[in-house]
Amino acid sequence: MSAIARVQPLAKLATPMASKALGVSSSRAFTGTARAQNKVTVVGAAGGIGQPMSLLLKLSGKIEHLSLFDIVNTPGVAADISHCDAKAKVTGHKGAEEMGAALDGSDIVVIPAGVPRKPGMTRDDLFNTNASIVKGIAEQCSKSCPNACFLIISNPVNSTVPIFADVLKANGVYNPKKLMGVTTLDVVRAKTFVAEHQGMDVSKMKVDVIGGHAGTTIMPLLSQVKGAKFTEEDIAALTHRIQFGGDEVVQAKDGAGSATLSMAHAGAYFAGRVLDGLNGVKNVKECTFVDCDLTDAPFFASPCTLGKDGVSKIHGFSKLTPFEQSLVDENVPSLISMAKKGSDFVKNN
Ligand SMILES: NC(=O)C1=CN([C@@H]2O[C@H](COP(=O)(O)OP(=O)(O)OC[C@H]3O[C@@H](n4cnc5c(N)ncnc54)[C@H](O)[C@@H]3O)[C@@H](O)[C@H]2O)C=CC1
Ligand SMILES: O=C([O-])CC(=O)C(=O)O
């Protein structure tokens, strides 16, 4: 294990400002008498998402041990973040030989490891590089922390989650309740764009986004947004913007990568919610991409309740408008083929 920075004595809880910014209530974070489940490991922690997400996780005040793993630069990132005056012992681990120590005893593993897009690429264009990265991480997780919740950020999510599942299955440790594709950024964008469009308070906005995490497989249920008034044209334009929000950032960054800061926020928020569920907080409901039979696709994003063992209830969707139903019908075949591409990769490699 490499250079480790220890918990800061001054800080027993997150700073109030950090808690507020993250929507975190520290007093609600851990309830009951069972051991608090709060070792969180970030795999890809030195990257564009990994660094700010690790910072936000440290500031959340929900974590006892924040373990940072990457193939490069992790000791520096860990030393830097460890100086923040918020709860959480921070450890940094670099390189394959330190991965087992990084993962050991994790309750949650958040994975933003892999290459991002450049303009002109689809998420699927990342498959060739990221499939083997995610497969390797899943192999090590099967050995070091098979009971953890795995939160997959690496793209293409529609294929990397099935890859992760099949590796866990091959190693006899697959628990579908504990594998979640992170689609929170789609929800974050939907809330932001709808609130701007409707002149509503974004902090009170709720929008479910179902399906997958690539282009038109991202399906916001705008008809269900309470208090909003849309024309058909509004719905079409907002749906398109939410589906292609990632491309907006890729184009604006002009070759320097894809969304990192908004994803860091979304990832830290979602990990905090999963942690809340593990620690007995009631009624934790978030959209996430899970193994389910809501459609013919093996994985589909849906509102889910997050509980003591991961996903405790998959709520699915009801009362779709004809437009929303047509999106589902058109996109299920792509979700099936992207999942199959992931499964075939595991079979053949
Ligand atoms: N699910 C979502 O909503 C989103 C997903 N993404 C995806 O997240 C991934 C990461 O994006 P960025 O942070 O911008 O990329 P980045 O290139 O800045 O960082 C990736 C990090 O992963 C590390 N890495 C590579 N192989 C590794 C391995 N085997 N083990 C551990 N770490 C490893 C690299 O060293 C690097 O530090 C990309 O695939 C991107 O497409 C990005 C935004 C949103
Ligand atoms: O667009 C990308 O490649 C990154 C991503 O998944 C997003 O921002 O939603």
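**Exercise 1: Positive phi angles**

N283 counts as exposed, with 9 C-beta neighbours inside 10 Å. A residue is termed buried if 20 or more other C-beta atoms lie within 10 Å of its own, exposed if 12 or fewer, and partly exposed in between, with C-beta atoms placed from the backbone. The model is predicted: local features need pLDDT of at least 70, side-chain atom pairs count only at pLDDT 80 or more, and totals for chains, interfaces and linings use all residues. Residues are numbered from 1 along each chain as its sequence is written, and chains are lettered from A and ligands numbered from 1 in the order in which they are written.

Task: State where N283 lies, and determine whether A88 is buried or exposed.

Solution. 
- Step 1. N283 is not a glycine, yet its phi is positive, at about 55 degrees.
- Step 2. The loop between α11 (261–278) and β10 (285–291) contains N283. Helices (H or I, at least four residues) and strands (E, at least two) are DSSP runs, numbered from the N terminus.
- Step 3. A88, also not a glycine, has a positive phi of about 120 degrees.
- Step 4. A88 belongs to the loop between α4 and β4.
- Step 5. A88 is buried, since 27 other C-beta atoms lie within 10 Å.

**Exercise 2: The elements on either side of A88**

Task: Identify which residues of helix α4 are buried, and how they are arranged about the axis of α4.

Solution. 
- Step 1. Helix α4 spans residues 74–82, and its buried residues are T74, P75, V77, A78, I81 and S82.
- Step 2. Viewed down the axis of α4, these buried residues fall within an arc of 165 degrees, so they line one face of the helix. The arc is that of the directions from the helix axis to the C-beta atoms.
- Step 3. An α-helix has 3.6 residues a turn, so residues three or four places apart point the same way.
- Step 4. Strand β4 (residues 89–94) is mostly covered, with five of its six residues buried.
- Step 5. β4 runs parallel to β3, and six bridges join the two strands; strands pair if DSSP finds at least two bridges between them.

**Exercise 3: The shell around ligand 1**

Task: Determine how many residues surround ligand 1, and which helix gives the most to its shell.

Solution. 
- Step 1. Ligand 1 is surrounded by 34 residues, the closest being G44, G47, G48, I49 and N155. A residue is near a molecule if its C-beta atom, placed from the backbone, lies within 6 Å of it.
- Step 2. At least two shell residues come from each of β3 (65–70) and α6 (127–144).
- Step 3. α6 gives the most to this shell, with four residues.
- Step 4. By class, the shell has 19 nonpolar, 13 polar and two charged residues. Ala, Val, Leu, Ile, Met, Phe, Trp, Tyr, Cys and Pro count as nonpolar, Asp, Glu, Lys and Arg as charged, and the others, Gly among them, as polar.
- Step 5. Domain 1 (39–183) and domain 2 (184–339) each provide at least three residues of the shell around ligand 1; the domain bounds come from an automatic or database domain assignment.

**Exercise 4: The shell around ligand 2**

Task: List the residues around ligand 2, and describe the peptide bond that joins N155 and P156.

Solution. 
- Step 1. The residues around ligand 2 are P116, R117, R123, N155, L185, G246, V249, V250, S258 and A259.
- Step 2. Five of the shell residues are nonpolar, three polar and two charged.
- Step 3. Helix α10 (residues 245–253) gives the most, with three residues.
- Step 4. Domain 1 (39–183) and domain 2 (184–339) each contribute at least three residues to the shell around ligand 2.
- Step 5. N155 is joined to P156 by a cis peptide bond, with omega about -5 degrees.
- Step 6. P156 lies in the loop between β6 (149–152) and α7 (157–170).

**Exercise 5: The annotated position**

Task: Locate H213 relative to the strands β8 and β9, and state whether H213 is buried or exposed.

Solution. 
- Step 1. In UniProt, an unreviewed entry gives the annotation "active site" for H213. UniProt positions are given in the numbering used here, feature names are shortened, and annotations may be inferred rather than shown by experiment.
- Step 2. H213 sits in the loop between β8 (209–211) and β9.
- Step 3. H213 counts as buried, with 26 C-beta neighbours inside 10 Å.
- Step 4. Strand β9 (residues 218–220) includes P220, which is buried with 28 C-beta neighbours inside 10 Å.
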